[in-house]
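Have a look at the structure, then read on.

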Amino acid sequence: MNRKRILFFVSMLPVFVSSQNILDDALDSLYREDQIYFGVTYNSFTNSPEAFSQTNFSPALKMGIIRDFPINSRRNIALGIGLGYAFNSYIQNLKISTAAGGEFNYEFLVNQNYQKNRFSHQAVEIPFEFRWRTSTAESDKFWRIYAGFKASYTFASKSIFKSGNQTATENNLALTPWQYGLTLSAGYNNWNAYFYYGLNPVFENAYAGQTTLEMRVLKVGLMFYFL
């Protein structure tokens, strides 16, 4: 009886091998990469006025999902489009307050003592990437260069100023609702350098005295991709 079972399994072995090859071929033809992302960056500005300065580390966090669309047979070149969430904080010397009539007033705090001055905003992100990588279906460790474009919509914003016993908070700041920028991620495995260059100003029609506020965001940090 055992001999018959052994002969049966031996005779079926080519079928199992063939089935495995078919599964491997299917895997090779269908795999996708980097569907989830998480990033930590340092926020700075370009095109800022001379009186403007950042006074401490200004962090940003981002996370989301990107759908991967390979465009060649090897599947190492792809397009990616996603949806995510971002929190951005800016610690600097631009005080934001409410003026008469409900409009915002902007003032550079030069040679003034204060404990806290920052503004932050939350946004929905829509990243679009052109992706090159050295990936295969069998390995999740590879080199990558992802260049792209990102649009983000600000849905909440807030500023906090504290000096002595005075604390002032402003909500729904006059920020540019839709912000756009160029992105670049490059690295190996889960660790990747990340750069973002803003193409439009953070503030919408804002002035500090006679100075137009046309600062654009520049982000440098780390991006982590997961399947």
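Is Arg133 buried or exposed? Arg133 counts as buried, because its relative accessibility is 0% and buried means under 20%. Keep in mind that this is a predicted model. A search of the whole structure turns up five salt bridges, and the aromatic pairs come to 14.

**Salt bridges around Asp68**
- Arg133 and Asp68 meet through their side chains in a salt bridge, at 2.8 Å from N to O. Arg133 belongs to strand S6 and Asp68 to strand S2, so this pair ties together parts that are 65 residues apart in sequence.
- Asp68 also makes a salt bridge with Arg131, at 2.7 Å from N to O. Here strand S2 (residues 59-70) holds Asp68 and strand S6 (residues 116-133) holds Arg131, so parts 63 residues apart in sequence are tied together.
- Asp68 is buried, with a relative accessible area of 0%, and Arg131 is buried too, with a relative accessible area of 0%.

- Lys150 and Glu125 form a salt bridge between their side chains, at 2.8 Å from N to O. With Lys150 in strand S7 (residues 143-163) and Glu125 in strand S6, the pair ties together parts that are 25 residues apart in sequence.
- Lys150 is buried at a relative accessible area of 3%, and Glu125 counts as buried at 2% relative accessibility.
- Back with the Asp68 group, salt bridges that share partners put Asp68, Glu129, Arg131 and Arg133 in one network.
- Lys150 lies over the face of Tyr196 as well, 4.2 Å from the ring centre.
- Elsewhere, the charged end of Lys95 sits over the ring of Phe161, at 4.3 Å from its centre.

**Aromatic pairs and a cluster**
- Among the 14 aromatic pairs, Tyr42 and Phe57 are stacked, because their ring centres are 5.4 Å apart and their planes lie at 25°. This pair links distant parts of the chain, with Tyr42 in strand S1 (residues 36-46) and Phe57 in the loop between S1 and S2, 15 residues apart.
- Tyr42 is partly exposed at 30% relative accessibility, and Phe57 is partly exposed with a relative accessible area of 46%.
- Tyr153 and Trp178 make a tilted pair, 5.2 Å centre to centre with 50° between the planes. They link distant parts of the chain, Tyr153 in strand S7 and Trp178 in strand S9 (residues 178-188), 25 residues apart.
- Tyr153 counts as partly exposed at 35% relative accessibility, and Trp178 is partly exposed with a relative accessible area of 36%.
- Phe45, Phe52, Tyr90, Tyr106, Phe119 and Phe203 come together in one aromatic cluster.

How values were computed. Residues are numbered from 1 along each chain as its sequence is written. This is a predicted model: local features need pLDDT of at least 70, side-chain atom pairs count only at pLDDT 80 or more; totals for chains, interfaces and linings use all residues. Side-chain values use heavy atoms; hydrogens and water are left out. A salt bridge is a side-chain nitrogen of Lys or Arg within 4 Å of a carboxyl oxygen of Asp or Glu. Helices (H or I, at least four residues) and strands (E, at least two) are DSSP runs, numbered from the N terminus. Buried means under 20% relative accessible area, exposed over 50%, partly exposed in between (1.4 Å probe, protein chains only). Rings of Phe, Tyr and Trp (its six-membered ring) pair if their centres lie within 6.5 Å; planes under 30 degrees apart count as stacked, over 60 as edge-to-face and the rest as tilted. A charge sits over a ring if NZ of Lys or CZ of Arg is within 6 Å of the ring centre and within 35 degrees of the ring normal.
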